[in-house]
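Hi there,

Here is the structure I promised to pass on to you. Have a look at it first, and then read on for my notes on what turned up in it.

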Amino acid sequence: MPKPCATPCTHYDYTVNESQAPSARRLGYVRVSDQEQTEALQHDALIQAGCHLIYRDHGISGTKTTRDGLDRLLQDLHPGDTLIVWKLDRLGRSTLHLLQLLAELQERSVDFIALTQGIDTTTAIGRMLYGQLAVFAEFEREQISDRTRAGMAAARARGVRIGRPRIISTRQARRYATQIANGDTTLSALAARIGVSPQTLARAIRV
């Protein structure tokens, strides 16, 4: 039986005692996105793969930025450990996130196994995967950047303003410029009154 853990439970511990824990541990990760789904299929496969610790996120979507079980797993990993998942989509919330996680594992000298997809970086062929990660991660970043630039260009063509919203509207800028020109106030005094820097106000009214 696994050792109990704090509530909410983020992991199962199958190590009988610390003296029996191997220096190179096999740590598993389980995630199901629906509260009604069962972890049994993934859990049993990880036990069969020899996992000593199994971290879990139950009822958590893979798109969530923060996952307690995964965060604790990444914190607990040591050089020489092996992280094992049932499928790749249990781990990353996107292609880029997955590639970044795998690159992090490589940098930390942690091996990775995806059971149903035959990925195993403890083998010579599997280690070739790590050699390609930087290339794929860079490609994905460039694709995202290209799509972002294309989207911004299309928005500008439609007359959409890109960037932060204006602090001072065009109508306000004209009114402030008139007040300063008439000598009713100074640039610094007006900026302090409306809560912006003199530089911001000057840019808005082009004084």
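Gln42 sits in helix H1, which covers residues 40–48; helices (H or I, at least four residues) and strands (E, at least two) are DSSP runs, numbered from the N terminus. With a relative accessible area of 5%, Gln42 is buried. Here buried means under 20% relative accessible area, exposed means over 50%, and partly exposed is what lies in between (1.4 Å probe, protein chains only). Leaving aside residues up to four places away in sequence, Gln42 touches Tyr29, Val30, Arg31, Val32, Trp86 and Arg90, where a contact means heavy atoms within 4.5 Å.

Before I go further, a word on the source: this is a predicted model, in which local features need pLDDT of at least 70 and side-chain atom pairs count only at pLDDT 80 or more, while totals for chains, interfaces and linings use all residues. Residues are numbered from 1 along each chain as its sequence is written, and side-chain values use heavy atoms, with hydrogens and water left out.

Now the overall picture. The protein chain has seven helices and six strands, and from the N terminus on its elements follow the order β-β-α-β-α-β-α-β-β-α-α-α-α. Of the 207 residues in the protein chain, 33% are buried. Among contacts in the protein chain with a separation of 6 or more, 65% come from residues 24 or more positions apart. The protein chain exposes about 12700 Å², and carbon and sulfur atoms supply 53% of that area; accessible areas come from the Shrake-Rupley method with a 1.4 Å probe, and for residues only the protein chains shown count as cover.

On to the cores. A nonpolar core is a set of buried Ala, Val, Leu, Ile, Met, Phe, Trp, Tyr and Cys residues joined through side-chain atoms within 4.5 Å. The largest one has 20 residues, and Tyr29, Leu73, Leu83, Leu91 and Phe112 have the most contacts inside it. At least two residues of this core come from each of strand S2 (26–32), strand S3 (53–58), helix H2 (68–76), strand S4 (82–85), helix H3 (95–107) and strand S5 (111–114). H3 gives the most, with four residues. Leu91 touches Tyr29, Arg67, Leu70, Leu83, Val85, His97, Leu98, Leu101 and Phe112, again not counting residues up to four places away in sequence. There is also a second, separate core of nine residues, which includes Leu190, Ala191, Leu201 and Ala204.

Next, the helix packing. Helix H6 (residues 187–194) packs against helix H7 (residues 198–205) at an angle of about 105°, with the axes 9 Å apart. Axes are lines fitted to C-alpha atoms, for helices over the stretch in contact, and angles run from 0 to 180 degrees between N-to-C directions. H6 is therefore roughly perpendicular to H7; angles under 35 degrees count as roughly parallel, over 145 as roughly antiparallel, 65 to 115 as roughly perpendicular and the rest as oblique. From H6, Leu187, Ser188, Leu190, Ala191 and Ile194 make the contact, and from H7, Pro198, Leu201, Ala202 and Ile205 do. By class, the contact of H6 with H7 holds eight nonpolar, one polar and no charged residues. Ala, Val, Leu, Ile, Met, Phe, Trp, Tyr, Cys and Pro count as nonpolar, Asp, Glu, Lys and Arg as charged, and the others, Gly among them, as polar.

Helix H5 (residues 170–181) also packs with H7 at an angle of about 105°, with their axes 9 Å apart, so H5 is roughly perpendicular to H7. Here Ala173, Tyr176, Ala177 and Ile180 of H5 meet Leu201, Ala204 and Ile205 of H7. The contact of H5 with H7 has seven nonpolar, no polar and no charged residues.

Finally, a few single residues. Arg56 is in strand S3 and is buried, at 17% relative accessible area. The C-alpha atoms of Arg56 and Gly28 are separated by 8.4 Å, although the two are 28 residues apart along the chain. Thr38 lies in the loop between S2 and H1 and counts as exposed, at 57% relative accessibility. Ser109, in the loop between H3 and S5, has a phi near 60°, a positive value in a residue other than glycine. Ser109 counts as partly exposed, at 46% relative accessibility.

Best wishes
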